[in-house]
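Good morning. I will take one structure today and go from a pocket to the core beside the chain's overall figures. Please have a look at it first.

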Amino acid sequence: MHPFLEKDVFETKDILKQWFIPTASILFKKNDNLVFPDWFTRCASGDIPLLLLLSLQGKLKFLPDNMGVYRHHDAGISTKHTGYFKVFSMVYIYQNFNDYTNKKFEGEIFEAMKYEVRMHLPEMVELRKLKQKRKKRILSSLYEKICKKLTFK
């Protein structure tokens with residue numbers, strides 16, 4: 001078992017807590033019942049929505065073996081998946097998954113969206129300091145829209 005994980009079998013609620021599964025290690029058996037909804041093709045990244053959809057089919061098993069190596073480069077999605085773009089894309093996934101599951105995991109999804117805002121929007125503070133008034137106005141407006149949707153304790 002991975003030293004940071006307390007268990008090795010996971011359900012949908014676990015996937016919604018925080019991302020912990022390296023994408024290169026995802027394996028799943030062909031499943032004719034697995035349906036990819038229309039919103040799936042519009043996600044900025046497919047790993048989290050894929051795991052969420054797979055988790056609806058049954059439990060997920062963690063294998064502790066090294067399954068691959070990541071190569072980070074300037075053109076990779078991980079370099080662009082930060083700040084507001086990260087939050088927006090994750091909120092998009094969570095809102096659509098919430099609708100897809102008829103709000104079955106609404107509490108967990110709400111907490112997941114709050115987590116994304118807390119983790120990734122502090123980067124926007126630096127972006128909002130830029131001299132470009134239009135960019136500042138747009139980013140501030142987007143930030144306010146997200147914060148209005150999510151209430152913080």
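**A pocket and a core**

The second largest pocket has a volume of about 430 Å³. A pocket here is an open set of points on a 1 Å grid over the protein atoms alone, where a 1.4 Å probe fits, with protein on both sides within 12 Å along at least five of seven lines. Its volume is the space filled by probe spheres set on the points.

This is a predicted model, where local features need pLDDT of at least 70 and side-chain atom pairs pLDDT 80 or more, while totals for chains, interfaces and linings use all residues. Residues are numbered from 1 along each chain, and side-chain values use heavy atoms, without hydrogens and water.

Helix H2 (47-55) and strand S2 (60-61) each give two or more residues to the lining. Helices are DSSP runs of H or I, at least four residues, and strands are runs of E, at least two.

Now the core. Which residues touch the most other members of the largest nonpolar core? Out of 27, they are Leu51, Leu52, Tyr94, Phe97 and Ile109. Such a core joins buried Ala, Val, Leu, Ile, Met, Phe, Trp, Tyr and Cys through side-chain atoms within 4.5 Å; buried means under 20% relative accessible area with a 1.4 Å probe. Phe97 touches Trp39 and Phe105, among others.

Finally, the chain has seven helices and two strands, and 35% of its 153 residues are buried.

Notes
Buried < 20%, exposed > 50% of the residue type's maximum accessible area, 1.4 Å probe, protein only. 1 Å grid on protein atoms, 1.4 Å probe; cavity = no way out; pocket = protein on both sides within 12 Å on 5 of 7 lines; lining within 4 Å. Contact = heavy atoms within 4.5 Å. Lists of a residue's contacts leave out its neighbours within four places in sequence.
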